Amino acid sequence: MIYAKLPDAPGAKPHRLPFYLAMEEYLARNFLGEYFFMWQVEPTVIVGRNQQMLSEVDVDFCRSRGIDICRRKSGGGCVYADRSNIMFSHITTCSEVASTFTAFTERVAAMLRGLGIAEAHTTGRNDILIGDRKVSGYAFYHINLTDRLTHTTESRAIVHGTMLYDADLPTMTSALTPSGAKLEAKGVKSVRSRVTTVREHSAVSLREFMDTARGELCRSTLELNAGDVEAIERIAEPYYDPAWVQGARHTGPRRCRRVEGVGEFEVALKSTPDPVPCIGGIDIAGDFFLLGDIDRGLLSHLHGCELTREALMRRLGAINIGKVIPNLRPEELADIILDAAGVAEPVQAGR
């Protein structure tokens with residue numbers, strides 16, 4: 001990989017988190033090849049693309065402590081970052097999601113083992129563990145680039161996540177408010193009990209750790225300049241929009257359900273009663289991964305569908321759900337929707 005380095009700017013004000021999310025996009029859109037960079041921010045909560053902020057974050061606590069709240073474009077769960085941990089960003093061309101995740105996380109886990117942390121290993125989803133506790137977790141999204149001359153499309157992948165070198169666990173556990181169902185599914189009672197840090201397992205300093213990560217993962221450097229920084233700042237502007245941060249979508253009561261190996265789903269559904277119940281409006285939030293646009297790629301296809309298992313399976317069978325939410329099966333999504341609608345038994349189709 002190539003390490004992407006920002007120009008030195010002594011005395012400059014630290015960048016907020018959206019700058020680094022925009023830097024990922026800038027590299028993905030403007031440079032061919034495989035890139036990596038590390039970054040740190042002042043205390044910040046990062047909400048997943050499709051999460052309900054008020055369900056995952058203690059907003060009042062964050063405001064009282066000056067903790068920034070941002071939303072990223074990738075799916076997955078809510079995380080807390082500060083100067084005691086390190087954010088990893090990986091940009092590459094993507095042919096297959098699972099292999100992109102696996103190749104990167106395996107390299108990071110191998111780097112940890114090289115530091116003497118023998119119990120470091122990857123999981124089947126998106127985490128790196130030391131023993132049975134999480135030290136690093138990742139989310140993914142991709143950008144499709146179309147060549148204007150050849151009309152061919154290339155998919156550029158962005159994989160990013162938090163490496164817990166150290167952690168302010170009291171602040172983290174107060175800022176994040178994951179559901180009881182999520183913690184129960186992981187077999188733990190709190191955020192605190194399911195995470196660990198590099199510092200617990202190694203005497204390496206933060207600077208030594210970052211130098212090791214760069215040396216093990218990268219073989220050359222891309223030096224960005226002031227013009228690149230200005231372009232990145234322009235890309236970052238929409239991330240500061242309060243509507244984007246809050247994620248205001250479909251309002252109303254939500255039903256929660258967890259699918260093992262996929263994530264937690266919060267569904268808000270409006271139904272039309274005549275002549276049989278149909279989907280009048282639907283929104284799905286949660287900590288699942290997103291590979292595509294959930295509105296255009298999935299939800300728009302469900303409007304007007306009768307709330308019967310048979311009708312839902314017909315609609316869902318015509319959609320490649322895996323291109324939007326990986327590992328989710330049509331029958332699982334049908335169950336989630338029927339549960340949200342309060343349909344205990346399939347309603348018989350009336351037309």
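Two rings of Phe, Tyr or Trp are called an aromatic pair if their centres lie within 6.5 Å. In this structure, which is a predicted model, a search of the whole structure finds 11 aromatic pairs. The protein has 351 residues, and buried residues make up 50% of them. Its secondary structure comprises 13 helices and 14 strands.

**Aromatic pairs**

- Phe19 and Tyr20 form an edge-to-face pair, with 5.4 Å from centre to centre and 85° between the planes.
- This arrangement counts as edge-to-face because the angle between the planes is over 60 degrees.
- Both Phe19 and Tyr20 are buried.
- Tyr20 also pairs with Trp39, and here the rings are stacked, at 4.8 Å centre to centre and 10° between the planes.
- The pair of Tyr20 and Trp39 links distant parts of the chain, since Tyr20 belongs to helix H1 and Trp39 to strand E2 (residues 35-39), 19 residues apart.
- Trp39 is buried, as is Tyr20.
- Elsewhere, ring pairs join Tyr3, Phe36, Phe88, Phe104 and Tyr138 into a cluster.

**Packing of helices H1 and H9**

- Helix H1 spans residues 17-30 and helix H9 spans residues 226-236; the two pack at an angle of about 110°, and their axes are 8 Å apart.
- H1 and H9 are therefore roughly perpendicular to each other, because an angle from 65 to 115 degrees counts as such.
- On the side of H1, the contact is made by Pro18, Phe19, Ala22, Met23, Glu25 and Tyr26.
- On the side of H9, the contact is made by Asp228, Val229, Ala231, Ile232, Glu233, Ile235 and Ala236.
- The residues of this contact divide into 10 nonpolar and 3 charged, with no polar ones.

- Which helix holds Ala213? Ala213 is placed in helix H8 (residues 206-217).
- Ala213 has a relative accessibility of 0% and therefore counts as buried, the cut-off being under 20%.
- Ala213 and Leu115 are 98 residues apart along the chain, and their C-alpha atoms are separated by 10.0 Å.
- Gly286 is found in strand E14 (residues 278-286).
- With a relative accessibility of 7%, Gly286 likewise counts as buried.
- If neighbours within four places in sequence are left aside, Gly286 is in contact with Asn50, Gln51, Gly76 and Glu264.
- Gly286 and Met53 lie 233 residues apart in sequence, while the distance from C-alpha to C-alpha is 10.0 Å.

- Is Leu32 buried or exposed? Leu32 counts as exposed because its relative accessibility is 70%, and the cut-off for this class is over 50%.
- Leu32 is located in the loop between H1 and E2.
- Apart from residues up to four places away in sequence, Leu32 touches Glu154 and Arg156.
- The C-alpha atoms of Leu32 and Arg156 are separated by 9.2 Å, although these residues are 124 residues apart along the chain.
- Ala203 occupies the loop between helix H7 (198-201) and H8, and at 81% relative accessibility Ala203 counts as exposed.
- Ala203 and Leu115 are 88 residues apart along the chain, with 9.4 Å separating their C-alpha atoms.
- Asn327 lies in the loop between helix H12 (309-317) and helix H13 (330-341).
- Asn327 is exposed, with a relative accessible area of 60%.
- The phi angle of Asn327 is near 75°, which is a positive value in a residue other than glycine.

**The protein as a whole**

- Of the contacts between residues at least 6 apart in sequence, 69% join residues at least 24 apart.
- The protein exposes about 16,300 Å², and carbon and sulfur atoms supply 50% of this area.

Methods. Residues are numbered from 1 along each chain as its sequence is written. This is a predicted model: local features need pLDDT of at least 70, side-chain atom pairs count only at pLDDT 80 or more; totals for chains, interfaces and linings use all residues. Side-chain values use heavy atoms; hydrogens and water are left out. Axes are lines fitted to C-alpha atoms, for helices over the stretch in contact, and angles run from 0 to 180 degrees between N-to-C directions. Helices (H or I, at least four residues) and strands (E, at least two) are DSSP runs, numbered from the N terminus. Angles under 35 degrees count as roughly parallel, over 145 as roughly antiparallel, 65 to 115 as roughly perpendicular and the rest as oblique. Contact means heavy atoms within 4.5 Å. Ala, Val, Leu, Ile, Met, Phe, Trp, Tyr, Cys and Pro count as nonpolar, Asp, Glu, Lys and Arg as charged, and the others, Gly among them, as polar. Buried means under 20% relative accessible area, exposed over 50%, partly exposed in between (1.4 Å probe, protein chains only). Accessible areas come from the Shrake-Rupley method with a 1.4 Å probe; for residues, only the protein chains shown count as cover. Rings of Phe, Tyr and Trp (its six-membered ring) pair if their centres lie within 6.5 Å; planes under 30 degrees apart count as stacked, over 60 as edge-to-face and the rest as tilted.
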